[in-house]
2 protein chains.
Amino acid sequence: MRNFKLTMQYDGSRYKGWQRLGSSDMTIQERIENVLIKMTGEKIELIGSGRTDAGVHALQQAANFKTKDQRSVKEIIAYLNAYLPEDIVIKRVEEVNERFHARYNAVSKTYMYRIWNHSYSNPFLRKHIVHIPEELNLVAMKQAACFLIGEHDFTSFRASKSKKKSNIRTIYSIEIHKNETIIEMMVHGSGFLHNMVRIIVGTLLEVGRGKMKPETVKYILDQRDRSLAGATAPAKGLFLYTIEY
Amino acid sequence: MRNFKLTMQYDGSRYKGWQRLGSSDMTIQERIENVLIKMTGEKIELIGSGRTDAGVHALQQAANFKTKDQRSVKEIIAYLNAYLPEDIVIKRVEEVNERFHARYNAVSKTYMYRIWNHSYSNPFLRKHIVHIPEELNLVAMKQAACFLIGEHDFTSFRASKSKKKSNIRTIYSIEIHKNETIIEMMVHGSGFLHNMVRIIVGTLLEVGRGKMKPETVKYILDQRDRSLAGATAPAKGLFLYTIEY
């Protein structure tokens with residue numbers, strides 16, 4: 001069997017997330033699988049690097065699939081982009097070692113969260129950014145973010161319905177930049193629990209608004225209690241940014 | 001009566017253009033007028049600098065309206081942005097001389113046309129850009145554009161159903177830039193006939209694709225015959241960019 005790695009971008013606005021849900025075809029995995037099934041005539045399983053939730057975007061998502069199909073890499077990318085909707089774009093197709101697995105082999109991931117920080121919204125970016133009109137204390141947010149760096153039990157920053165056994169993850173860095181009216185938060189880690197980036201962002205925003213002290217983030221982390229952390233920030237500001245293999 | 005000038009941005013994707021159409025409220029003029037009527041309790045007429053067609057965007061559109069309302073400029077902008085949909089944003093409100101008229105006083109206008117020039121589409125920009133995968137000969141397009149500079153009868157570059165009496169307009173400049181994968185065409189002129197920018201772009205694209213010689217654009221201009229020029233380029237790539245008063 002040949003094994004192919006796909007690298008893709010998508011606007012998640014109208015999808016129920018990455019993961020196949022059964023009957024609906026409004027997931028990104030299913031949309032791509034359906035085109036691969038049509039192309040190869042085989043039953044294809046597309047393995048993503050991980051899930052993205054409903055409404056979350058990807059500037060770089062990766063996945064792999066196995067096939068007996070003899071098409072070239074160039075033919076596969078052309079076929080996929082011809083049949084996929086405009087909001088899912090395959091950027092690269094590579095033939096990889098048979099043992100490559102898009103989820104197990106992912107070493108780390110970076111997510112980006114984007115905020116439009118201006119009195120009035122931006123009509124052109126509004127579907128891919130979250131509008132926050134108030135001034136935010138970025139220094140306090142950066143201080144708070146430092147408590148999350150390193151290996152920790154992130155139970156407090158995980159969707160409460162999440163069923164994963166271990167809640168221990170490592171965050172390598174959280175960078176917060178402001179360019180004119182756009183704040184970008186880059187979170188780089190070994191892996192992420194369900195909603196983890198959005199809960200981290202929601203909590204740092206409470207700090208930025210002066211409603212929480214930076215040190216409280218350390219307390220929240222130690223308590224392992226989701227109810228202490230901030231709200232889950234909206235999906236539309238979140239982008240899966242890169243996956244390192 | 002007080003006279004106010006509004007400067008605004010809008011994403012035209014879901015609207016039937018600027019101009020009020022009667023019963024529907026899916027025009028930008030009506031959406032803003034309705035909020036002004038609610039705010040003042042008066043019958044308000046909003047005068048735009050000119051129309052934009054269905055699906056055309058504005059990075060800067062201007063309009064004026066007269067009222068007896070005693071609100072401050074700050075209160076008016078806050079009221080408008082609170083009640084307008086997210087895809088229409090008022091950037092500035094100024095109290096102006098009673099004789100200021102957004103259409104009659106406009107001295108010149110600049111339109112921008114944006115093209116995504118890459119094999120595959122961009123999922124995030126796709127509603128505000130036109131995707132053209134083929135390589136375009138920008139030098140030939142710039143040569144062709146030169147024939148349109150100056151005062152001319154633009155009958156060949158006007159929607160054929162247009163009823164304006166004079167088809168003479170002046171184009172001051174047409175600039176064509178490419179930054180990585182985005183081509184921006186800036187057209188600055190005294191005023192524009194119906195669909196004029198989009199027909200100019202459609203014609204220059206024929207030149208860029210090698211289907212028309214640059215000199216043919218001069219011939220088309222001289223013939224005053226709409227059927228000789230290129231197709232009307234899609235609305236979603238066009239932005240009203242600035243209006244000079």
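Let's start where the two chains meet: the contact draws on 14 residues from chain B and 14 residues from chain A, where two residues count as touching if their C-beta atoms, placed from the backbone, lie within 7 Å. On the side of chain B that touches chain A, strand 1 (2–10) and strand 4 (88–96) of chain B each supply at least two residues. That side of chain B divides into six nonpolar, four polar and four charged residues. This is a predicted model, in which local features need pLDDT of at least 70 and side-chain atom pairs pLDDT 80 or more, while totals for chains, interfaces and linings use all residues. Residues are numbered from 1 along each chain as its sequence is written, and chains are lettered from A in the order in which they are written.

Now look at chain A by itself. Chain A has five helices and ten strands, which are DSSP runs (helices H or I, at least four residues; strands E, at least two) numbered from the N terminus. Its C-alpha atoms fill a box of roughly 60 × 40 × 30 Å along the principal axes. Of the 245 residues in chain A, 39% are buried, meaning that 20 or more other C-beta atoms lie within 10 Å of the residue's own.

Finally, turn to a pair of helices in chain B. Helix 3 (residues 138–146) and helix 4 (residues 196–208) of chain B pack at an angle of about 135°, with their axes 8 Å apart. Among the residues meeting there are B:Leu138 and B:Met141 in helix 3 of chain B, and B:Leu204 and B:Val207 in helix 4 of chain B. The residues of this helix contact divide into seven nonpolar, one polar and no charged.

Methods: Nonpolar A, V, L, I, M, F, W, Y, C, P; charged D, E, K, R; others polar. Buried ≥ 20, exposed ≤ 12 C-beta atoms within 10 Å, placed from the backbone. Axes fitted to C-alpha atoms, helices over the stretch in contact; angles between N-to-C directions.
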